[in-house]
Amino acid sequence: MATRTDPLTLEVVDLIGTVVARYHEEYDRAAAQHSLTGAQARLLGLLAMEPLPMRRIARKLKCEPSNITGIVDRLEARGLVERRPDPADRRVKLAVATELGVRTARELRDALDFAREPLAGLSDDERRALRDLLRRMLGEDAL
């Protein structure tokens, strides 16, 4: 498939970049209120949904496993995360959000108004269409 560089495509790409930048700015501000880095907050948000092995976290966050180890170490020192053996394979360690970690992740998510406020102005059908288009762009249409 040919790369499109028409004005409409370039405008859409620019708008997506602006949305991503604003999201990260707000996420970093919310994280700082909890004395966390953006990376720590994102990792904590993932673990609040489900325990994960370090390698899977690294894939999801698109970074090196050694970086994840350091982030988990810092979150563990603050009582937000703990390591547990994977019941399916005791050789594997899972990173698991503690009760405090889950509560902190919820507070972080609740502090993110940037996406929530504009999305509230869209109808359910518009939000579904946006979701479906974003999934399609990411190659996740089967979800």
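I began with R55, which I count as exposed because its relative accessibility is 61%, and the cut-off for exposed is over 50%. The model I am reading is a predicted one. I looked up where R55 sits and found it in helix α3, residues 54-61.

Next I took the chain as a whole. I noted seven helices and three strands. Read along the sequence, their order is α-α-β-α-α-β-β-α-α-α. I fitted a box along the principal axes, and the C-alpha atoms fill roughly 50 × 35 × 25 Å. The chain has 143 residues, and 25% of them count as buried.

Which residues make the nonpolar patch? I listed L8, V12, I16, V20, L119, L130, L134, M137 and L138, with an area of about 790 Å². I asked which helices supply at least two residues each, and found α1 (7-33) and α7. The largest share comes from α1, with four residues.

A general point I kept beside this entry: an α-helix has 3.6 residues a turn, so residues three or four places apart point the same way.

Is L134 buried, partly exposed or exposed? I put L134 down as partly exposed because its relative accessible area is 40%, and partly exposed covers the range between under 20% for buried and over 50% for exposed.

I stayed with α7 to check its length. This helix runs over residues 124-137, which makes 14 residues. From its first C-alpha to its last, α7 reaches 20 Å, close to the 20 Å expected at 1.5 Å a residue. I also looked at what follows α7 and found G139, with a positive phi near 75 degrees.

Last, I looked up a residue in a strand. A97 lies in β3, residues 89-97. I count A97 as buried because its relative accessibility is 11%, and buried means under 20%. I then took the distance from A97 to D6, C-alpha to C-alpha, and got 45 Å in space. In sequence, A97 and D6 are 91 residues apart.

How values were computed:
Residues are numbered from 1 along each chain as its sequence is written. This is a predicted model: local features need pLDDT of at least 70, side-chain atom pairs count only at pLDDT 80 or more; totals for chains, interfaces and linings use all residues. Side-chain values use heavy atoms; hydrogens and water are left out. Buried means under 20% relative accessible area, exposed over 50%, partly exposed in between (1.4 Å probe, protein chains only). The expected span of a helix is 1.5 Å times one less than its number of residues. Patches are made of residues with over 30% relative accessible area and no salt bridge: like charges are joined within 9 Å, nonpolar side chains (Val, Leu, Ile, Met, Phe, Trp, Tyr) within 5 Å. Accessible areas come from the Shrake-Rupley method with a 1.4 Å probe; for residues, only the protein chains shown count as cover. A salt bridge is a side-chain nitrogen of Lys or Arg within 4 Å of a carboxyl oxygen of Asp or Glu.
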